[in-house]
Amino acid sequence: MTDTYDFGLVGLGVMGRNFILNVADNGFTAFGNDLDTEKVNALIQEGDDTSKVNASSDVKTFVQALTIPRKIMLLVPAGKVVDIVIESLLPHLDQGDIIIDGGNSFFTDTDRREAYLKEKGINFFGAGVSGGAKGARKGPSIMPGGSREAYQHVKPIFEAVSAKYKGEPCVAYLGPKSAGNYVKMVHNGIEYGLMQLTSEMYDLLKKAGGLSNEELHKTYSEWNQGRLQSFLVEITSEIFTQKDELTSADLVDMILDKAKQKGTGKWTSQNAMDLGIPVPTIDVAVSMREISALKDERIKADALYNRPTPKGVDKNDFIYKAEQALYFAFIITYAQGMHQLADASKEYGYELELGEIAKIWRAGCIIRAALLADITDAYRADNDLQNLLLSPSFVEKVKETVDAARELVAYGAANGIPLPGLSNALTYFDAYTSSRLPLNLIQAQRDYFGSHTYERVDRDGIFHTEWEE
């Protein structure tokens, strides 16, 4: 084994083990740490044919094995665990060492930790990692933010291990403070929206179109060959082919319709509200996971109310329109997420380049999609673009697909098939592209009952009316 190692990683679960082996595969030496000796031994055994990987459950041994400045990445659960690990490392670190939080930490926690460690002379930054276990092993999308100077020490490693899109590494320094964690949070919010939309098209095609799982596999597979090409559409097509090992059924039909969540989608939604940025497609995706958890109540309610029998449709025409509607809604979801990033960048001083963010999402991450190449180009053409819907390159894409979204939303409403993601995407579009909304009435109501004042369309100033005698 080598005397010192280029890179250290705390947390040797599936993600951590895969990431550290990825580092070793790309020419760097790496040392792992975990309190679980079984995980330590498993990593040592897996890297047995190379001198590039080693591990220990002892923190002091782990830290002393690393080259200066030490580059230590944490892949542990977000929350108190991160703080506990940091405190365990501190007695053994020297000034100038670097700690990288690769988990889904809330961005304000990252800001707090950075300030705390800066006082001790330790560099700290958050780096969102997306791509799941396979991505960690073969190449994830990495979203680092924090000290630009400290990042330079990690840059060669991150660029080597990240996914590549036409030879370009899917990693880039994003900005100061918690920029990396914030971008990963919004990435996950977009992910929530895309997953909800993808599942709604499945529900619609199955209930209205009568598609079998084999036909659904073929449909999603064909979509993945076109403009909807994306990781989520690809794995959806594959899900429909998986047989259940316990029965003779297809596995997808045996899975309970209760979706869990880890909170990152909720954080995106909550922070968007704090910023005053509308992200209704993401909001409702979070809400639908919460509604899905009410399984027992849903069963009771289903027995109390009549539901329309879906009217017959032309299967091929329905598939064609579903593809258009899904593409439209994907655009809207990305537009909402990018809008939030743009506003957060100003609010928190992140100095984000949205084109750079879209670029590093093109491969490796869960929301990678062909559409991101177009989004990258849109922001490269105008980095100050307020909203993707204002980009000339997206106007025609939306115009060509919005009518299909309208038709399917109307069909779903008339036939009792919930399409909250698609409906909210359409409502957002209609509201955002309306030069006149009925909020003048709300202003009047607020002034009527609370003397909150209002503005006028014909002159500047703040006004109040005594509505009642």
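Tutor: Helices are DSSP runs of H or I with at least four residues, and they are numbered from the N terminus. The model is predicted, so local features need pLDDT of at least 70, side-chain atom pairs count only at pLDDT 80 or more, and totals for chains, interfaces and linings use all residues. Residues are numbered from 1 along each chain as its sequence is written, and side-chain values use heavy atoms, with hydrogens and water left out.

Student: In which helix is His 187 found?

Tutor: The UniProt annotation "binding site", from an unreviewed entry, includes His 187; such annotations may be inferred rather than shown by experiment. The annotated positions are spread in space, up to 49.1 Å between C-alpha atoms. His 187 belongs to residues 179-207, which form helix 8.

Student: Is His 187 buried or exposed?

Tutor: Buried means under 20% relative accessible area, exposed over 50%, and partly exposed in between (1.4 Å probe, protein chains only). His 187 has a relative accessible area of 0%, and therefore counts as buried.

Student: Which residues does Arg 289 contact, leaving aside its neighbours within four places in sequence?

Tutor: Arg 289 lies in helix 13, residues 280-292, and at 14% relative accessibility it counts as buried. Contact means heavy atoms within 4.5 Å. With neighbours within four places set aside, the partners of Arg 289 are Tyr 192, Met 195, Ala 259, Lys 260 and Gln 261.

Student: What is the relative accessible area of Leu 251?

Tutor: Leu 251 is in helix 11, which covers residues 251-254. Leu 251 is classed as partly exposed because its relative accessible area is 30%.

How values were computed
Helix = DSSP H or I, 4+ residues; strand = E, 2+ residues; numbered from the N terminus.
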